[in-house]
Amino acid sequence: MGWDPAELPKRTLDDRVSRLQAAMKRSTLDAFLLYTNLVRPSAVCWLTGFTPYWIESILLVAPNGAPILATALSKRVSEWIRATSQVDEIINTPKPGTAIGQRLAADGAKRVGVLELDALPAGLYDDLVSAAPNAELIDATALFAAERRVVDEPERKLILRADALALAALDQVNAAEVKDAGALAGLVERHARLGGAEEAYIAIAPDLAADRRLIRISKPVPLAERFAVRASIAYKGCWVRRTRTFAKDDVGQRAIARADHWLNQFTRSIGADKPLASQIVAQSKNLPCAELKSWMAESCVGSYPLEAIASSPSPGKETVIEGSFLVLALDLTVEGVPWLGAAPAFVGGRSL
Amino acid sequence: MQTQYQPMIHDDRKRRLVGAMSESGIDMLLIYGNAWQSDYLRYTTDYSIVEGQALALVRGDGHVTLYLDSPLEVDRAQLECPAVEVVHAPNLVGEVDTVLDRFRNQRLGAAPYRLLPRRLAARAKDLQLADQTAFLDRLLMRKLDSEIAAMRRAAKLCDEGYAVFRAAARPGRADYELIAEIEAFFRANGVDHNFQIIGVGGPEVRGMAPPSGKRLKRGDMVTTELTPCVDGYYAQICRTLVVGAPSAEQKAAHALWRESMEAGIAVVRDGVTAADIARAENDIFRQHGLGKYTTSEYTRVRGHGLGLFVDTKPHILEDVTTRIDAGMTLVVHPNTYHPVVGYLVLGDAVVVTQDGCELLTGTPRELFSVAA
């Protein structure tokens, strides 16, 4: 989608780059590299607004000045990159690793931080180190995450917009009428995209009594009495997930309504004072006749749009960070009714 | 629960893969995949990943272990690929790195090698890990009958999808609204994923990209490349429509594109090279004094392979000497910029046969128009 300075001001992007540059200086890094592709777009998007739809790119952040994007996208696509993001210098090259390596060598960069160094594609990495043999590449994933975690106001508004698209799309589901999961996936995706969603992954558990796992469905599959739909929605590079459970029967509808209300209240109350796991366990006790089966919290801390940061199998002991963003997904049984729910939340009382 | 498991195609591929590994003396393959490039992964595991990244270990006896870093993908993989051992690996690279220690002294291959996480590639000598991308490319390019049958199904949905696209196009609509209509149709009709780019406007448009919010207006050319995926296989159609009546210049340009595409398709048969097809397309442009618009400044490729990846090998370019074999599936598309009317596209999908090709695309090769 086209870049809108009212949604994502240039000064916000400049502030984010400055924060990273300050952290680089504290760690005596001469440069910072961030890889991006269709699947791992979020770190570069956070700094520039750029989300690739094809092939791979790498962003170079020097200690001073604007970032440089080297991309395997052709020169013809630069116009689109400039229309959808804020990148001052674009290098179009079939070998982005070589181009950035040459720049590092020319700048005499010695200590170079890399986001998710181990996962860099081998071809790009080989090109990079061949062109910059004197640069020491250092994994700086934690450094980036520390700067990334707290959400600024423009990002908060973009997340709210994505969430509004997800909610509106899920509101299209009429449990009494809909019969086919494939058609339902199309209905939800259509509504999200008509609202401006850049991407929409719709997953459905068509029969919660048989299986609670949510899967991608694009063929006729009958919907049972109780089913769940997850909408993963992107707007201007910001992703949310919403999962809702639906029932055709009165008992199911009542239990679902109670659990939905509980989730809504809970996501507004997540604080930075206690580990998330203990907050979830404590809050689930406030929902009568409910059994917590599993949970997962996701956030955007690196190149993935959303990645698990804690879950029932790996709850962790750390508290969540004030001002950070989470998507909380829960699997409960409420009064004997299976219920899946997921909703975004801002830690520390700033409600959605 | 009904899943989308397609055992016949996968069983065919598996037999072929196991046989080829045995012939080539490969004990195990290390395969990387993500949603952008998932063809090697799909071929060997039958799994198409959406979020996160995957690594798979494929043994010579056909046993597959699939490592996924996204717990959401683990749920789906377990349902869609019951014959595969699925492992949730939050630290994907680290966990597979450790597992690989168990396979020292075996002949290991990896694909696609360029995309392999660098930490694993760094162990190439230690593990006798060889680049086997070309080995798998051969399997990916030349299709089995069951694979071609899936391509035919995907091509039919290209035609149906383009009809939906035309019906959705009208003045005032945003480009993303057209995509919304298509995706809804596809989700309800067996298409797991669709790669689609679009261009809207006139001479200022130099290519196609994801929608940017541009609204259609009278006189605009609307180009699109529609690439639905059915049972893992992508077919593609490229067409152009005009909002309102096409101008004489637009009609003339489209006639040239059609002549070029048909010249390219006429050359396709077993034994020619990718360069032969590209040259046939480009000669038409050169004959009309538009040769410079066949260069990389204006166009990427003159077509490409189709299959488990949107843009599989071979690329149809004058410097690509890959032999074209019967059983390959291609899209021939002389998509490029025209100095008067802007970026224009036209492309049909084909299956290569001994004597020529089978046309998969059924949509007429017209410059379509919609009421302004």
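Predicted model: local features only at pLDDT ≥ 70, side-chain atom pairs only at ≥ 80, totals over all residues.
Colleague: Which residue of E14(A) is the bridge partner of Val327(A)?

Modeller: Residues are numbered from 1 along each chain as its sequence is written, while chains are lettered from A and ligands numbered from 1 in the order in which they are written. Strand E13 (residues 325–334) and E14 of chain A run antiparallel and are joined by 10 bridges; strands (E, at least two residues) and helices (H or I, at least four) are DSSP runs, numbered from the N terminus, and two strands pair if DSSP finds at least two bridges between them. The bridge partner of Val327(A) in E14(A) is Pro344(A).

Colleague: Which residue in the hairpin of E13(A) and E14(A) takes a positive phi?

Modeller: The hairpin has 2 residues between its strands. The residue with a positive phi, near 50°, is Glu335(A).

Colleague: How many residues of strand E14 (residues 337–346) of chain A are buried?

Modeller: A residue is buried if 20 or more other C-beta atoms lie within 10 Å of its own, exposed if 12 or fewer, and partly exposed in between, with C-beta atoms placed from the backbone. The number of buried residues in E14(A) is 10 of 10.

Colleague: Which element gives the most to the side of chain A that touches chain B?

Modeller: The contact takes 47 residues from chain A and 45 residues from chain B, two residues being in contact if their C-beta atoms, placed from the backbone, lie within 7 Å. Among the elements that give two or more residues to the side of chain A are helix H3 (78–84), H5, helix H8 (181–194) and strand E7 (199–205) of chain A. The one that gives the most, with 9 residues, is H8(A).

Colleague: How many nonpolar residues does the side of chain A that touches chain B have?

Modeller: Ala, Val, Leu, Ile, Met, Phe, Trp, Tyr, Cys and Pro count as nonpolar, Asp, Glu, Lys and Arg as charged, and the others, Gly among them, as polar. By these classes this side of chain A has 10 polar and 11 charged residues. Its nonpolar residues number 26.

Colleague: Which element gives the largest share of the side of domain 1 of chain A that touches domain 2 of chain A?

Modeller: Chain A is assigned domain 1 (10–148) and domain 2 (153–346), with bounds that come from an automatic or database domain assignment; their C-alpha centres lie 33 Å apart. The contact takes 16 residues from domain 1 of chain A and 8 residues from domain 2 of chain A. Strand E1 (31–36), helix H2 (42–48) and helix H6 (141–148) of chain A are the elements that give two or more residues to the domain 1 side. The largest share, 4 residues, comes from H6(A).

Colleague: How far apart do the C-alpha centres of domain 1 of chain B and domain 2 of chain B lie?

Modeller: In chain B the assignment gives domain 1 (7–140) and domain 2 (145–370). The distance between their C-alpha centres is 31 Å.

Colleague: At what angle to E4(B) does helix H3 (residues 71–80) of chain B run?

Modeller: E4(B) belongs to an open sheet of 6 strands with mixed pairing, in the order E4-E3-E2-E1-E5-E6 (chain B). H3(B) lies across E3 and E4 of chain B. Axes are lines fitted to C-alpha atoms, for helices over the stretch in contact, and angles run from 0 to 180 degrees between N-to-C directions. The angle between H3(B) and E4(B) is about 165°.

Colleague: Over which residues of chain B does pLDDT stay under 50?

Modeller: Chain B has a mean pLDDT of 96, and 98% of its residues reach 70 or more. For the stretch under 50, the model has 12 contacts beyond four places in sequence. That stretch is residues 1–5.

Notes
pLDDT = per-residue confidence, 0-100.
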